[in-house]
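Reader: I would like to learn how to read this structure. Please take me through it feature by feature.

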Amino acid sequence: MSEGLFHHAAYLLASILFIIGLKRLSSPATARSGNLIASYGMAVAVLATLLLPGLAHRPLIVGMLLVGTALGIAGARTVPMTDMPQMVALLNGLGGGGAALVSILEFQAASVDPVLAGPTAIVSGVLGTIIGMLSFVGSMVAVGKLTGKLSEKPLQFPGIQVLNGLLFVGMVGSGVMAVAQHASMMWFLSLLAFATPFGAMLVLPIGGADMPVVISLLNSFTGLAAAATGFVLGNNTLIISGTLVGASGTLLTQLMCKAMNRSLANVLFAGFGAGQVAAAAGPGGVKKAVREVSMDDAAVLLANVQSLIIVPGYGMAVAQAQHGVRELADLLAKRGVDVKYAIHPVAGRMPGHMNVLLAEANVPYDQLYDLEQINPDFERTDVALIIGANDVVNPAARTDTSSPIYGMPILDADKSKYVIVIKRSMNPGFAGIENELYYDPRCSMLFGDAKKAIGGLLEALKAL
Amino acid sequence: MNGALLAELYVFVLAIFVGIEVISKVPVVLHTPLMSGTNAIHGIVVVGGILVLGHATTMLEMVLGCTAVAFGAMNLSGGFFVTDRMLEMFKKKPSDKKAAADKLAADRREKDRRAGERRS
């Protein structure tokens with residue numbers, strides 16, 4: 001690539017804007033400007049590239065840019081906040097696919113004259129293809145799982161590890177051979193044939209509850225794939241921004257695993273949530289009963305308490321009940337009830353997802369409390385209202401060393417004087433683990449869709 | 001090993017440290033926007049797409065190059081736009097400073113009350 005001083009300056013500027021943007025993105029006060037600054041960096045990089053001398057098909061390139069941008073913005077404008085995890089996964093997959101395509105084309109170009117292309121282009125072409133394909137296929141499987149088109153249950157069958165091992169060895173072996181045989185196209189196609197199913201098999205055995213971690217990991221994969229294309233093309237902006245995303249994505253993945261008190265290896269390979277069908281029975285093996293509460297009784301109870309902590313979960317989000325919840329909270333606050341929201345770090349389907357959803361419903365920021373802030377308050381609270389949350393309030397995480405979620409930090413909702421749980425049915429949550437909280441004598445169940453239940457509570461409250 | 005590759009490797013390694021450094025203290029509230037923001041940044045592959053499409057000669061190269069450019073453009077535009085949508089919602093509260101001050105005052109009152117309860 002013949003890049004003059006102008007292009008180097010533009011690429012350097014873009015890289016600086018990316019770093020500043022990312023830095024600002026990590027603090028609430030500056031996040032929005034950070035995102036804007038990063039997008040300016042992108043504009044600079046794209047414009048500078050378009051102005052490179054010797055570029056053919058400029059009208060076609062601009063046309064494809066416009067089509068892609070229009071589609072991207074149209075999707076981003078209309079996607080509901082609840083669907084954010086699959087939106088991020090989809091966009092991530094597209095980026096990974098793009099990186100894979102660029103790498104494939106560069107490898108093909110290198111295979112024509114391997115000596116001229118040099119080993120760097122061949123090696124990074126192979127790496128970019130592998131990582132990009134894993135990210136593309138893996139993200140699409142994640143989208144399928146998050147939208148319910150594929151089963152959310154982890155796929156497990158005997159010999160799955162062996163199969164994955166074979167796919168992995170086949171993929172890496174083909175990659176090595178493709179390099180060793182001087183950019184051999186045959187080995188490269190074999191690499192594609194192994195990498196595609198391996199990408200799917202990487203995500204299929206992972207349960208729906210762990211998808212956020214997977215998306216974050218695939219996000220960093222795409223970053224690395226972009227960096228690999230930077231090595232192929234000898235472009236530092238690609239290397240810098242791709243690596244920034246790769247490194248920060250890896251860190252973010254680790255932070256998420258820490259919030260669940262599990263290792264990344266455990267998330268990826270343990271088949272979490274498969275087969276742990278703890279019976280709905282107590283330690284003595286006796287099937288315990290749950291107590292149901294009627295809508296009116298629940299409304300009367302709520303209207304006469306002094307303090308209430310709302311624990312929202314993904315069930316509230318899928319039912320789109322957050323607006324009703326805010327209305328309920330406002331109504332109770334008018335009656336003098338002290339209302340707080342307790343947000344678990346992994347509530348929703350993505351860390352921080354619940355904050356986004358409640359912000360959308362105009363819940364005042366100062367009513368949201370995170371785990372460390374709110375946990376001491378539960379024992380002084382009259383009622384904890386749990387809406388569509390399950391594993392994040394499961395006391396087994398504190399007490400039962402045999403439980404798969406043992407050690408995960410949870411919200412101590414069970415310590416409040418009384419607990420009301422709004423839940424569709426007695427089905428266990430995404431982790432597939434029984435929750436003994438429901439059998440506690442101080443706990444009442446209000447079965448039903450979160451939105452309908454909250455609507456019913458609102459009506460009953462207004463009628464009081 | 002040639003000089004250009006060596007320089008690229010330096011850039012790569014330094015970028016890893018920068019990437020870890022800049023987000024090491026991100027609050028959980030921002031995890032989702034940050035994930036989608038970094039997601040948008042790897043839309044930079046569009047630059048790679050432009051370069052390969054700009055040097056494409058065969059039909060296959062044209063088709064794959066076009067797809068790569070469109071994918072990258074979707075990734076970056078959708079990513080930045082959706083991140084902005086999320087962050088806008090965090091912003092439109094009456095005034096964050098006031099809210100923070102109110103919360104601080106409320107926390108203090110609460111502390112006093114608890115201290116009072118303990119005494120009585």
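Author: Start with secondary structure: helices (H or I, at least four residues) and strands (E, at least two) are DSSP runs, numbered from the N terminus. This is a predicted model, in which local features need pLDDT of at least 70, side-chain atom pairs count only at pLDDT 80 or more, and totals for chains, interfaces and linings use all residues. Residues are numbered from 1 along each chain as its sequence is written, chains are lettered from A and ligands numbered from 1 in the order in which they are written, and side-chain values use heavy atoms, with hydrogens and water left out.

Reader: How many helices and strands does chain B have?

Author: Chain B has five helices and zero strands. Along the sequence the pattern reads α-α-α-α-α.

Reader: What does "buried" mean, and what share of chain B counts as buried?

Author: Buried means under 20% relative accessible area, exposed over 50%, and partly exposed in between, with a 1.4 Å probe and protein chains only. Of the 120 residues of chain B, 54% count as buried. Helix α2 (residues 31-41) of chain B is largely enclosed by the rest of the structure, because eleven of its eleven residues are buried. Among them are H31(B), P33(B), M35(B) and I41(B).

Reader: How do I judge the span of a helix, say α4 (residues 84-112) of chain A?

Author: Compare with the expected span, 1.5 Å times one less than the number of residues. Helix α4 of chain A has 29 residues. From first C-alpha to last it reaches 43 Å, close to the 42 Å expected. Of its 29 residues, 24 are buried, so α4(A) is largely enclosed by the rest of the structure.

Reader: Which residues does L244(A) contact?

Author: Contact means heavy atoms within 4.5 Å. Leaving aside neighbours within four places in sequence, L244(A) is in contact with F18(A), I19(A) and L22(A), and with A15(B), V18(B) and G19(B). L244(A) lies in helix α9 of chain A and is buried, with a relative accessible area of 0%.

Reader: And where does T253(A) lie?

Author: T253(A) lies in helix α9 (residues 236-259) of chain A. T253(A) is buried too, at a relative accessible area of 2%. With neighbours within four places again set aside, its contacts are V213(A), S216(A), L217(A) and L264(A).

Reader: Now the interface. How much area do chain B and chain A bury between them?

Author: The size of an interface is often given as the accessible area lost when the parts come together. Here buried area uses a 1.4 Å probe and is summed over both parts. Chain B and chain A bury about 8400 Å² between them, 77% of it on carbon and sulfur atoms. In chain B, M35(B), I41(B) and I44(B) lose the most area to chain A, together 8% of what that side buries. As for contacts, 80 residues of chain B touch 102 residues of chain A.

Reader: How many salt bridges cross the interface of chain B and chain A?

Author: A salt bridge is a side-chain nitrogen of Lys or Arg within 4 Å of a carboxyl oxygen of Asp or Glu. The rule finds one across this interface. R32(A) forms a salt bridge with D84(B), the closest N and O atoms being 2.9 Å apart.

Reader: Which helix gives the most to the side of chain B that touches chain A?

Author: α4(B) gives the most, with 29 residues.

Technical notes
Buried area = accessible area lost by both parts, 1.4 Å probe.
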